[in-house]
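Please examine the sequence and the three-dimensional structure shown here. A short report on the fold follows.

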Amino acid sequence: MSTPHAANPTAPTTAPTAEPRLTSLSHGGGCGCKIAPGVLSSILRGTGGLPVPPELLVGIETSDDAAVYRLNDEQALVATTDFFMPIVDDPFDFGRIAATNALSDVYAMGGQPIMALALVGMPINVLSVDTIGKILEGGASVCRTAGIPIAGGHTIDSVEAIYGLVALGLVHPDRIKKNSGAQPGDVLVLGKPLGVGIYSAALKKGQLPTDGYARMIDSTTRLNTPGTALAALPGVHALTDVTGFGLAGHALELARGASVTAQIDWAAVPLLPGARDLATQGTVTGASGRNWAAYGQDIALPTGFADAERALLTDPQTSGGLLVACEPAAAPAVLSVFRSQGFADAAVVGAVTAAAAQPLVVR
């Protein structure tokens, strides 16, 4: 294991003469890099069958956000990893976004992060030491905000710039919130507005205004800290975060895991300002189409649902918001937790019913 800031012996000592934009080095940015859900399922098919110890409380069964391993009656270890290629050109911002996204999976299980390891793959003959250092500094700044150290990591020379974290946390075994705990009668609460993927597509095309970039950074670097408090609330049954598979994909995981149907009230779903206009103009990511191709057959859409709306529904979110299933009586407390921690756009966006013909219904 190497420390995340260890100098690579083959790293250039001077900056490249023409350092490229970070996003020009990646074939896909942020959580839009994820392998499409259908392809991922095919890849993972047949990888089971390994011994599962009783201490493993959460594994791969329902595609949950992190693994959870019981340590004792009071503590369980939450373990996850996430990394991707640049979604923005500013190296410090890229590091912040990637680290925030990785830590989100700990919060989505109801846990509290305790430390992280850095995962660093960089084209060392293309990017300067200064640029790579700023990426790591951005990630470290988020970990400081979360109150945890980056205690190590690993670096490789890579064709594309890749950065992320292994994130470790702790949670009480009784407060673990799986993505499979939703119950009929629950309401669904979303913590952040959608549209990050569309914003990133606009950024690549030079169509994202300065205030749009500021909103994008504010959203993607806002730690999902409410997850820890939400896990302690009576009536909260399930938590997950909305990332590369979009709101539709992660709502489907929630519904399938609990054998229920999730209903999304589309008019209630918060969107980043201007995201709908950009989608209507055709500024969308390729990942939204891949997402729809993978799971669209399991979604009932209302008559006349426009292509732009479908792109928003499947838009890959990088460091997206928490999706909460809770009893209706608990919804005011859930919204209060979100808003007390700066998530002003949090809203009730749907409900959970008994299983119907389709696991996800958009109304």
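## Basis and overall composition

This is a predicted model, in which local features need pLDDT of at least 70 and side-chain atom pairs count only at pLDDT 80 or more, while totals for chains, interfaces and linings use all residues. Residues are numbered from 1 along each chain as its sequence is written, and side-chain values use heavy atoms, with hydrogens and water left out.

The protein contains 11 helices and 13 strands; these are DSSP runs numbered from the N terminus, with at least four residues for helices (H or I) and at least two for strands (E). Of its 363 residues, 54% count as buried, that is, under 20% relative accessible area with a 1.4 Å probe and protein chains only. Among contacts (heavy atoms within 4.5 Å) with a separation of 6 or more, 86% join residues 24 or more positions apart.

## The six-stranded sheet

Six strands form an open sheet with mixed pairing, in the order E1-E2-E3-E6-E4-E5. Two strands pair if DSSP finds at least two bridges between them. Strand E1 (56-58) and strand E5 (150-157) are the edge strands, each pairing on one side only. On average, neighbouring strands are turned by 20 degrees against each other, direction ignored.

Strand E4 (residues 112-122) is paired with strand E6 (residues 162-171) in the antiparallel sense, over 9 bridges. Within this pairing, Gln112 has Leu170 in E6 as its bridge partner.

Helix H2 (residues 91-108) lies across strand E3 (76-84), E4 and E6, and runs at about 30 degrees to E6. Axes are lines fitted to C-alpha atoms, for helices over the stretch in contact, and angles run from 0 to 180 degrees between N-to-C directions.

The axes of H2 and helix H3 (residues 129-146) come within 7 Å and cross at roughly 40 degrees. The two helices are therefore oblique to each other, the class left after under 35 degrees (roughly parallel), over 145 (roughly antiparallel) and 65 to 115 (roughly perpendicular). Residues making the contact include Phe92, Ala99 and Leu103 of H2 and Ile135, Gly138 and Val142 of H3.

## The covered helix H4

Helix H4 (residues 196-204) is mostly covered, with 8 of its 9 residues buried. Among them are Val196, Ile198, Tyr199 and Leu203. The buried residues of H4 pack against helix H5 (210-220), helix H8 (275-280) and helix H10 (307-313). Just after H4, Gly206 adopts a positive phi of about 70 degrees.

Conventions. Buried < 20%, exposed > 50% of the residue type's maximum accessible area, 1.4 Å probe, protein only.
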